[in-house]
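User: I have a model open and want to go through it piece by piece. Can you answer some quick questions as I go?

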Amino acid sequence: MVSRKEIDVKLKKLRLPGIRKHYRFLSERAEKESMPYQKYLYELLAIEEDLREQNKAVRNLKKSKLPAGKTLATFDTKRMPAVIRRQLTTLCEGDFLTRTENILAFGRPGSGKTHLLCAIAHELIKRGYAAYYSTAAILVQILLRAKQSFRLKQEIDKLNRFDAIIIDDIGYVEQTREEMEVLFTLIAERYERKSILLSSNLPFSKWDKIFKDSLTATAVIDRLIHHSVILELNVPSYRTEMKKEKKGEA
Ligand code: ADP
Ligand code: MG
């Protein structure tokens, strides 16, 4: 008979904490139920697998910089146009990532673009994908600083390890040509490699202003829309609506 201590030593050495925690309970059950050996082994492996997936999701959530509250649970999908509601479940499953498609969300300020994209990203993380959130303004600063210290490629490679990055509010703040150049480099480098989830309150027709010239704007739009899902949030501002409702109640 092998002692529990001997088993524990092996499980520690092999880094199998899930099995280490649960095998005693499971082996008692297995004896009671005369569980076949193969089933017992399978159950143990499944426990370890679950634990690893959970830990990975926790790590990915930390790395994501996603705002914590903007999840699907707090998102009122009824406020979305029917076309978006219909697509939402499928998007949350993440198959679009394996096809390196982008999600491009448009709508006026307050229409729920940020919340919608973050809710999708939270779901993707639960399914084992890695996602990263940034506003366009902050991302541009990160990239620019990297470029100035000749680390732009490394920074982009780092971002390319994420299956999805959210570039929130592109075009919201006026940016310099140099700032837009690094953003263009990022988008070009991700093209057909990894997905981008982007939001903007400006339609493509106004992107000349963002990217300073129509040639760059066309090049960016071309790459973004080639494999993409476009979500048009033609809904009133949630903030304004909530204010109106509160006033109505008062
Ligand atoms: P946008 O990014 O389009 O400006 P946000 O996603 O920031 O809009 O939404 C504005 C505020 O309203 C946020 O606090 C957000 O959580 C909330 N909000 C917007 N749409 C919804 C919705 N459908 N359900 C719940 N909260 C929403
Ligand atoms: Mg927003």
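User: Is Lys5 buried or exposed?
Analyst: Lys5 counts as exposed because its relative accessible area is 65%, over the 50% cut-off. Bear in mind that this is a predicted model.

User: Which helix is Lys5 in?
Analyst: Lys5 sits in helix α1, which covers residues 4–13.

User: And what separates the C-alpha atoms of Lys5 and Ser214?
Analyst: Their C-alpha atoms are 70 Å apart, and along the chain the two residues are 209 residues apart.

User: Switching to the inside. Which residues have the most contacts in the largest nonpolar core?
Analyst: Leu183, Leu186, Trp207 and Phe211 do, in a core of 31 residues. The elements giving two or more residues to this core are β1 (102–106), α7 (136–148), α8 (152–159), β3 (164–168), α9, β4 (195–200), α10 (207–211) and α11.

User: What is Leu186 in contact with, sequence neighbours within four places aside?
Analyst: Leu186 is in contact with Leu139, Leu143, Ile156, Leu159, Ile165 and Ile167.

User: OK, β1. How many of its residues are buried?
Analyst: 5 of its 5 residues are buried. Asn102, Leu104 and Phe106 point one way from the strand, while Ile103 and Ala105 point the other way.

User: Which strands does β1 pair with?
Analyst: β1 pairs with β5 (residues 228–232) in the parallel sense over 5 bridges. It also pairs with β4, again in the parallel sense, over 4 bridges.

User: Which residues are the bridge partners of Phe106 and Leu104?
Analyst: Phe106 has Glu232 in β5 as its bridge partner. For Leu104 the partner is Leu198 in β4.

User: Now voids. How many cavities of 30 Å³ or more are there?
Analyst: The search of the whole structure finds 1. The largest cavity has a volume of about 70 Å³.

User: What lines the largest cavity?
Analyst: The lining consists of Thr100, Asn102, Ile187, Arg190, Tyr191, Glu192, Lys194, Ile196, Arg223, Leu224 and His227. Asn102, in the lining, is also one of the buried residues of β1.

User: Which helices supply at least two lining residues each?
Analyst: α9 (177–190) and α11 (214–226).

User: How does the lining divide by residue type?
Analyst: There are 4 nonpolar, 3 polar and 4 charged residues in the lining of the largest cavity.

Notes:
Residues are numbered from 1 along each chain as its sequence is written. Chains are lettered from A and ligands numbered from 1 in the order in which they are written. This is a predicted model: local features need pLDDT of at least 70, side-chain atom pairs count only at pLDDT 80 or more; totals for chains, interfaces and linings use all residues. Side-chain values use heavy atoms; hydrogens and water are left out. On a 1 Å grid over the protein atoms alone, a cavity is a set of points where a 1.4 Å probe fits but cannot get out, and a pocket is an open set with protein on both sides within 12 Å along at least five of seven lines; lining residues have an atom within 4 Å of a point. Grid points are joined across faces, edges and corners, and a volume is the space filled by probe spheres set on the points. Ala, Val, Leu, Ile, Met, Phe, Trp, Tyr, Cys and Pro count as nonpolar, Asp, Glu, Lys and Arg as charged, and the others, Gly among them, as polar. A nonpolar core is a set of buried Ala, Val, Leu, Ile, Met, Phe, Trp, Tyr and Cys residues joined through side-chain atoms within 4.5 Å. Buried means under 20% relative accessible area, exposed over 50%, partly exposed in between (1.4 Å probe, protein chains only). Contact means heavy atoms within 4.5 Å. Two strands pair if DSSP finds at least two bridges between them.
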